[in-house]
Amino acid sequence: EKGGYDWFMLKEIAEQPRAVADTLLGRLGEAGELVLDEVRLSYEDLRGIDKVFVVACGTAYHAGLIAKYAIEHWTRIPVEVELASEFRYRDPVLDRSTLVVVISQSGETMDTLMALRHAKEQKAQVLAICNANGSTIPRESDAVLYTHAGPEVAVASTKGFLTQVVACYLVGLFLAQVRGVKYADEVAAIVEDLRALPDAVATVLESMEPVRELARSLAGENTLLFLGRHVGYPVALEGALKLKELAYIHAEGFAAGELKHGSIALIDQGTPVVVVVPSPRSRGSVHGKVVSNIQEVRARGARTIVIAEEGDEDVVPYADHLIRVPRTPTLLAPVVTTVPLQVLACEIAATRGLDVDQPRNLAKSVTVE
Ligand code: M6R
């Protein structure tokens with residue numbers, strides 16, 4: 001069943017180009033429009049939305065954090081992202097003009113289900129992004145957009161995550177389309193860029209041998225730090241979570257801009273720091289700022305592991321290890337930059353002799369609150 005791989009997780013990582021392609025299949029029209037008739041929310045209701053909440057747990061929450069950047073940029077609707085386990089305990093402001101997007105691979109996560117029930121009680125419209133057909137969360141939601149990742153067996157989510165991120169893009173672009181688009185040209189161009197994602201993921205997967213080698217050299221570490229900015233920040237959080245759950249190594253993800261506000265004190269001689277570098281084309285010179293961060297941590301002794309797109313030469317002098325990913329539009333970059341972090345965590349865990357598919361203390365779906 002593992003298709004020749006040692007672990008389901010490796011198989012599922014390898015399936016990502018296909019999973020992403022299947023999640024896009026039939027949903028991108030010829031003229032750059034979104035075809036999401038399956039999302040059974042009335043256009044009138046969608047036009048009336050003045051606020052979006054994205055609610056999820058764990059890795060799905062990280063997909064939600066990425067969704068915020070994309071949905072706000074494309075639609076200009078304010079988006080809040082919240083951990084499902086916190087959501088209903090703080091009396092969020094919800095009404096009919098609120099869209100609550102719940103994200104769950106399994107569709108059975110109790111925290112997310114309880115958040116969704118709370119949202120419905122408050123009369124919000126609930127759209128589920130889910131991978132498991134007919135599971136509880138989509139059944140109780142007003143509408144559903146399925147990810148087509150196929151069954152995910154490994155406890156650590158990989159293809160589930162990538163397809164959730166893609167589904168979030170589809171939701172954002174669909175909302176933009178229904179409501180009238182501010183950046184019409186940009187949205188049409190992004191639809192073309194989405195079509196290129198499966199090949200981009202395949203390209204990343206082809207060049208993972210150096211990452212595996214690097215992982216083997218990191219297996220004895222006690223702590224790893226992950227830095228990112230803009231959509232790279234949730235990617236850093238996801239990289240850290242993968243490492244914690246698989247390798248039982250302390251790992252933390254930081255927003256690179258927060259470094260100087262405290263966390264830089266953690267950097268010691270040899271501390272491995274993974275940096276997810278934004279595209280040099282990103283807004284507001286964040287690229288240059290992250291390059292400075294790499295310089296700063298390295299000057300304090302860090303061993304820098306840099307994930308940067310092809311052609312970004314600015315990072316070269318400061319990277320102890322450089323992992324290249326294909327050039328991808330800023331908002332879509334998480335679909336490619338997450339992949340090396342999955343491989344890294346998986347290989348570190350395997351080197352440590354751990355059960356990659358079934359980490360200690362964890363269950364595939366968490367059906368208690
Ligand atoms: O099935 P769900 O997407 O609702 O699961 C949410 C989290 O429990 C899940 O993503 C968890 O964090 C994974 N173990 C991460 O790899």
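**Entry 1. Confidence**

I am working from a predicted model. I looked up the scores before anything else. The chain averages a pLDDT of 95. I noted that 99% of the residues score at least 70. For the complex, the predictor gives an ipTM of 0.98 and a pTM of 0.97.

**Entry 2. The sheet with β1 to β5**

I traced an open sheet of 5 strands. I wrote down its order as β2-β1-β3-β4-β5, and the pairing is parallel. Which strands are at the edges? They are β2 (79–83) and β5 (143–146), and each of them pairs on one side only. From one strand to the next, I find a twist that averages 20°.

I then took one pairing in detail. Strand β1 (residues 51–56) runs parallel to β2, with 5 bridges in the pairing. Here V55 is opposite E82 of β2.

Helix α6 (residues 110–121) lies across β1, β3 (98–104) and β4 (125–130). Its direction is at about 165° to β3. Helix α8 lies across β1, β3, β4 and β5. I noted about 145° between α8 and β4.

Is T98 buried or exposed? Its relative accessible area is 2%, so T98 is buried. I listed its contacts, leaving out residues up to four places away in sequence. They are K51, F53, V93, A124 and Q125.

**Entry 3. The sheet with β6 to β10**

I traced another open sheet, with 5 strands in the order β7-β6-β8-β9-β10. The pairing is parallel here. β7 (250–255) and β10 (321–325) each have a single partner strand, so one side of each has no neighbour in the sheet. Neighbouring strands are turned against each other by 20° on average, direction ignored.

I went through two pairings. β6 and β7 pair in the parallel sense over 6 bridges. In that pairing, T223 is opposite H250 of β7. Strand β8 (residues 272–276) pairs with strand β9 (residues 303–309) in the parallel sense, over 5 bridges. There, V274 is opposite I305 of β9.

Helix α12 (residues 232–247) packs on this sheet. It touches β6 (223–228), β7 and β8. The direction of α12 makes about 175° with that of β7. I also checked how covered β6 is. It is mostly covered, with 5 of its 6 residues buried.

**Entry 4. Aromatic rings**

I searched the whole structure for aromatic pairs. How many are there? The search gives 3. I wrote up two, one after the other.

Y43 and F174 form an edge-to-face pair. Their centres are 5.9 Å apart, with 80° between the planes. This pair links distant parts of the chain. Y43 is in helix α3 (residues 43–47) and F174 is in helix α8 (residues 159–179), 131 residues apart. I checked accessibility on both sides. Y43 is at 37%, so it counts as partly exposed. F174 is at 4%, so it counts as buried.

W74 and Y169 are also an edge-to-face pair. I noted 6.0 Å centre to centre and 65° between the planes. This pair links distant parts of the chain too: W74 is in helix α4 (residues 58–75) and Y169 is in α8, 95 residues apart. W74 counts as buried, because its relative accessibility is 1%. Y169 is buried as well, with a relative accessible area of 0%.

I looked at one more ring, that of Y248. What sits over it? The charged end of R360 does, 3.9 Å from the ring centre.

**Entry 5. Q16 in α2**

I ended on Q16, which is in helix α2 (residues 16–24). Why does Q16 count as buried? Its relative accessibility is 0%, and the cut-off for buried is under 20%. I set aside its neighbours within four places in sequence and listed the rest of its contacts. Q16 touches T158, K159, L162, V201, V339 and Q342.

Definitions and conventions. Residues are numbered from 1 along each chain as its sequence is written. This is a predicted model: local features need pLDDT of at least 70, side-chain atom pairs count only at pLDDT 80 or more; totals for chains, interfaces and linings use all residues. Side-chain values use heavy atoms; hydrogens and water are left out. Two strands pair if DSSP finds at least two bridges between them. Helices (H or I, at least four residues) and strands (E, at least two) are DSSP runs, numbered from the N terminus. Axes are lines fitted to C-alpha atoms, for helices over the stretch in contact, and angles run from 0 to 180 degrees between N-to-C directions. Contact means heavy atoms within 4.5 Å. Rings of Phe, Tyr and Trp (its six-membered ring) pair if their centres lie within 6.5 Å; planes under 30 degrees apart count as stacked, over 60 as edge-to-face and the rest as tilted. Buried means under 20% relative accessible area, exposed over 50%, partly exposed in between (1.4 Å probe, protein chains only). A charge sits over a ring if NZ of Lys or CZ of Arg is within 6 Å of the ring centre and within 35 degrees of the ring normal. pLDDT is the predictor's confidence in each residue, from 0 to 100.
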